[in-house]
Amino acid sequence: MTRDAAATRQRLLAAARDEFAARGIAGSRVDRIADAARSNKAQIYHYFGSKDELFDAVFDDMCRQIVDAVPIDATDLPEYAGRLFDSYRRRPWVQRIASWYRLERAGSGDLAQGVLASNRAKIEAVAAAQAAGTVPTRFAPDVLLGLILHLSGFWDANVPEFDAVVEVDTVEARRKVVVDAVAALLD
């Protein structure tokens, strides 16, 4: 891929990320994505094949970025959750795209292989820490990882009406809740 082709592909991914985050797969339009990327629809089909495949590429790229930016540290799971929380603050589209993925792709049978591999590696890391005695075994490794992942994204998953009645209203305070909640799981 030439330098211009790589740049075009990256512009298309960024424009698609924003479009999918705002509208989901069904509501997104390739012409808006092409315009925002300063490209054309033919380029989308050339690089990605279809709108669905473009969404998959956006999802895979987003997940890879998070895994690369926030590697698991099974010896400090509360801080791992805090770093995931921080990552979501820097990438506000993550929770929206993940929600659209669950809504529009659940049950399709097409699982993101990179995400599966990442989750398996994280579960293995938690299991190894449990076997070493550094992480309690009250929860199975997969369940513990699921709780940590959900707690790290807790604040983004709430409806505005919940946020309106919650007194934890600063980013720092919300991060502390996430870290403290994961620490409580490990007591």
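UniProt positions are given here in the numbering used for this structure, with feature names shortened, and such annotations may be inferred rather than shown by experiment. According to an unreviewed UniProt entry, the annotation "domain: HTH tetR-type" covers residues 6-66. The structure is a predicted model, in which local features need pLDDT of at least 70 and side-chain atom pairs count only at pLDDT 80 or more, while totals for chains, interfaces and linings use all residues. Residues are numbered from 1 along each chain as its sequence is written, and side-chain values use heavy atoms, with hydrogens and water left out.

**The annotated region and helix α4**

- Residues 6-66 are 87% helix and 0% strand, and the end C-alpha atoms of this stretch are 21 Å apart. Helices (H or I, at least four residues) and strands (E, at least two) are DSSP runs, numbered from the N terminus.
- Helix α4 (residues 51-69) has 19 residues and should span 27 Å at 1.5 Å a residue, which agrees with the 27 Å between its end C-alpha atoms. The expected span is 1.5 Å times one less than the number of residues.
- The buried residues of α4 include L54, F55, V58, F59, M62 and I66. Buried means under 20% relative accessible area, exposed over 50%, and partly exposed in between (1.4 Å probe, protein chains only).
- An α-helix has 3.6 residues a turn, so residues three or four places apart point the same way.

**Aromatic rings**

- The structure contains seven aromatic pairs. Rings of Phe, Tyr and Trp (its six-membered ring) pair if their centres lie within 6.5 Å; planes under 30 degrees apart count as stacked, over 60 as edge-to-face and the rest as tilted.
- One of these pairs is F20 with F55, which is edge-to-face, at 5.1 Å centre to centre and 85 degrees between the planes. The pair links distant parts of the chain, since F20 lies in helix α1 (residues 3-27) and F55 in helix α4, 35 residues apart.
- F20 is buried, at 0% relative accessible area, and F55 is likewise buried at 0%.
- F154 and F162 also form an edge-to-face pair, at 6.2 Å centre to centre and 80 degrees between the planes. F154 is partly exposed at 31% relative accessibility, and F162 is partly exposed at 34%.
- F20, F55, F59 and Y101 form one aromatic cluster.

**Charges over rings**

- The charged end of R17 sits over the ring of W93, 3.8 Å from its centre. The criterion is NZ of Lys or CZ of Arg within 6 Å of the ring centre and within 35 degrees of the ring normal.
- R89 lies over the face of F85, at 4.9 Å from the ring centre.
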